[in-house]
Amino acid sequence: MRTHVVDHPLVAHKLSTLRDRRTDSPTFRRLADELVTLLAYEATRDVRTERVGIETPVTATTGVRLSRPRPLVVPILRAGLGMLEGMVRLLPTAEVGFLGMIRDEETLQASTYATRMPEELSGRQVYVLDPMLATGGTLVAAIQELISRGADDVTAICLLAAPEGVELMERELAGTPVTVVTAAVDERLNDQGYIVPGLGDAGDRMYGTAD
């Protein structure tokens, strides 16, 4: 597994505002959207392309286009939905699947409650969206679901990561071609499984609390 921390002043600037507890939900959603697009730019550096002939207003030339099968973008519900628009802005021709997962707050184990994506993913690049790589359990379970469908090229895009989550993914997904792209790897997890210093619960800060 490869972890890529995007080191860019604009990434650091937007992440700092996301961390600020005073940032309201509309601003949080907008900044998360912008940050995802910056992260997606790095995450798609190795997206597969093919050469194609085109006609410019001046002459014939050769360009590139995304190869088929088209990339698949999979946000993990619900917080991953807040990252979707920023991702498809950069990959408008990508297909979109959905994966609903919930974490037991006592055991911190993740379970799947909804899926909507192709049964066969072999030969297709898959981009998973999850704001927080905290304990790592949710992302590991999500990627294992993708692998069970034949995925062999998976990139996870996360706003933030914790060392414990990165270590779990390296251990549980050893030998699997997985890349994690994130704005920062923070200090640690606290006793409640939140990233420190972190930015709180990304889903709640995007959408508010809904019981």
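In which hand does H2 pass H3? H2 passes H3 in a right-handed crossing. A crossing is right-handed if the near helix is turned clockwise from the far one by less than a right angle, and left-handed if anticlockwise.

This is a predicted model, in which local features need pLDDT of at least 70, side-chain atom pairs count only at pLDDT 80 or more, and totals for chains, interfaces and linings use all residues. Residues are numbered from 1 along each chain as its sequence is written, and side-chain values use heavy atoms, with hydrogens and water left out.

**Helix packing**

Two packed helices are described by the angle between their axes and the distance between the axes. Axes here are lines fitted to C-alpha atoms over the stretch in contact, and angles run from 0 to 180 degrees between N-to-C directions. Helices (H or I, at least four residues) and strands (E, at least two) are DSSP runs, numbered from the N terminus.

| Pair | Angle | Axis distance |
|---|---|---|
| H1 (9–19) and H2 | about 155 degrees | 10 Å |
| H2 and H3 (81–90) | about 45 degrees | 8 Å |
| H4 (137–148) and H5 (163–172) | about 30 degrees | 9 Å |

Angles under 35 degrees count as roughly parallel, over 145 as roughly antiparallel, 65 to 115 as roughly perpendicular and the rest as oblique. H2 is therefore oblique to H3. H1 and H2 are roughly antiparallel to each other. H4 and H5 are roughly parallel.

Contact means heavy atoms within 4.5 Å. From H2, Asp33, Val36, Thr37, Ala40 and Tyr41 meet Met83, Glu85, Gly86, Met87, Arg89 and Leu90 of H3. That contact has six nonpolar, two polar and three charged residues. Ala, Val, Leu, Ile, Met, Phe, Trp, Tyr, Cys and Pro count as nonpolar, Asp, Glu, Lys and Arg as charged, and the others, Gly among them, as polar.

H1 passes H2 in a left-handed crossing. Leu10, Val11, Lys14, Thr17 and Leu18 of H1 touch Phe28, Leu31, Ala32, Glu34, Leu35 and Leu38 of H2. By class, this contact holds eight nonpolar, one polar and two charged residues.

H4 and H5 cross in the right-handed sense. H4 brings Gly137, Leu139, Val140, Ile143 and Gln144, while H5 brings Leu168, Met169 and Glu172. Five of these contact residues are nonpolar, two are polar and one is charged.

**The second largest pocket**

A pocket is an open set of points on a 1 Å grid over the protein atoms alone, where a 1.4 Å probe fits, with protein on both sides within 12 Å along at least five of seven lines; lining residues have an atom within 4 Å of a point. The second largest pocket has a volume of about 210 Å³. It is lined by 15 residues, and the closest to its centre are Arg2, Ala43, Asp46, Thr155 and Thr179. E1 (2–5), H2 (25–43), E10 (154–158) and E12 (178–182) each give at least two lining residues. E12 has the largest share, three residues. The lining comprises six nonpolar, four polar and five charged residues.

**Cis peptide bonds**

Most peptide bonds are trans. The bond from Arg68 to Pro69 is cis, with omega near 0 degrees. Pro69 sits in the loop between E3 (60–66) and E4 (72–77). Val196 and Pro197 are also joined by a cis peptide bond, with omega about 0 degrees. Pro197 lies in the loop between E14 (195–196) and H6 (202–207).

Methods
Points joined across faces, edges and corners; volume = space filled by probe spheres on them.
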